[in-house]
Structure formats: structure tokens, C-alpha cells
Amino acid sequence: MTPQEIQEKVNTFLTDRLEYEPSAITPEAELKRDLGMTSLDAAETAIFIKRTFGFQPERGAIKTLVTIQDLYDYIEKNS
């Protein structure tokens with residue numbers, strides 16, 4: 001999967017499933033500070049990654065990511 005495809009899938013998930021504002025979805029946006037990602041959101045993100053990209057994120061890994069770009073990079077590295 002290309003980096004562009006990963007970004008599109010992640011962005012769609014963040015706006016459709018977690019209901020973040022599309023205008024807030026930028027690579028430099030911080031998951032917690034800018035989007036307000038909660039522990040429940042992080043758990044849903046881990047499930048999304050497993051179902052969409054075929055790997056189980058390490059326990060607590062999503063909580064350690066700071067920006068949306070970090071999330072893209074994490075998925076690309078582990079896919």
C-alpha cells in the first residue's frame with residue numbers, strides 16, 4: 001500500500017468513525033492536543049489498523065504517537 005493510500009484510509013477513519021473535523025486532519029496535527037484523542041479513540045484506532053492494514057499494533061503504541069504523521073509513519077513501517 002502506498003503512503004498516499006495509507007493517508008486516505010486513515011483520514012477517512014478519523015473523520016467518519018471518530019468524527020474529527022476534516023479541516024483538523026493535517027499531518028502536523030497532534031492527536032491528543034489538537035484532535036482530543038481519548039483512550040477509547042486510541043483503542044478504536046488499534047482495531048481499525050488491525051482490520052485495515054493486517055497487523056496488531058503493540059499494546060499502548062497508539063498512545064505514544066504524537067501527530068497524525070506519526071500515525072501514518074507507524075502504519076507504513078509496520079504494514
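The model is predicted, so local features are described where pLDDT is at least 70 and side-chain atom pairs count only at pLDDT 80 or more, while totals for chains, interfaces and linings use all residues. Residues are numbered from 1 along each chain as its sequence is written, and side-chain values use heavy atoms, with hydrogens and water left out.

The largest nonpolar core has 25 residues, where a nonpolar core is a set of buried Ala, Val, Leu, Ile, Met, Phe, Trp, Tyr and Cys residues joined through side-chain atoms within 4.5 Å, and buried means under 20% relative accessible area, with exposed over 50% and partly exposed in between (1.4 Å probe, protein chains only). The residues with the most contacts inside this core are V10, L14, I49, F53, I62, I68 and I75. At least two core residues come from each of α1 (3-17), α2 (39-53), α3 (61-64) and α4 (68-78); helices here are DSSP runs (H or I, at least four residues), numbered from the N terminus.

Consider next how α1 and α2 meet. Their axes, which are lines fitted to C-alpha atoms over the stretch in contact, with angles running from 0 to 180 degrees between N-to-C directions, come within 12 Å and cross at roughly 140 degrees. The two helices are therefore oblique to each other, since angles under 35 degrees count as roughly parallel, over 145 as roughly antiparallel, 65 to 115 as roughly perpendicular and the rest as oblique. On the α1 side the contact (heavy atoms within 4.5 Å) is made by I6, K9, V10, F13 and R17, and on the α2 side by E44, T45, F48, T52 and F53.

F53, in helix α2, counts as buried because its relative accessibility is 11%. Leaving aside neighbours within four places in sequence, F53 is in contact with M1, I6, K9, V10, F48, I75 and S79. Its C-alpha atom is separated by 9.1 Å from that of E76, which lies 23 residues apart from F53 along the chain.
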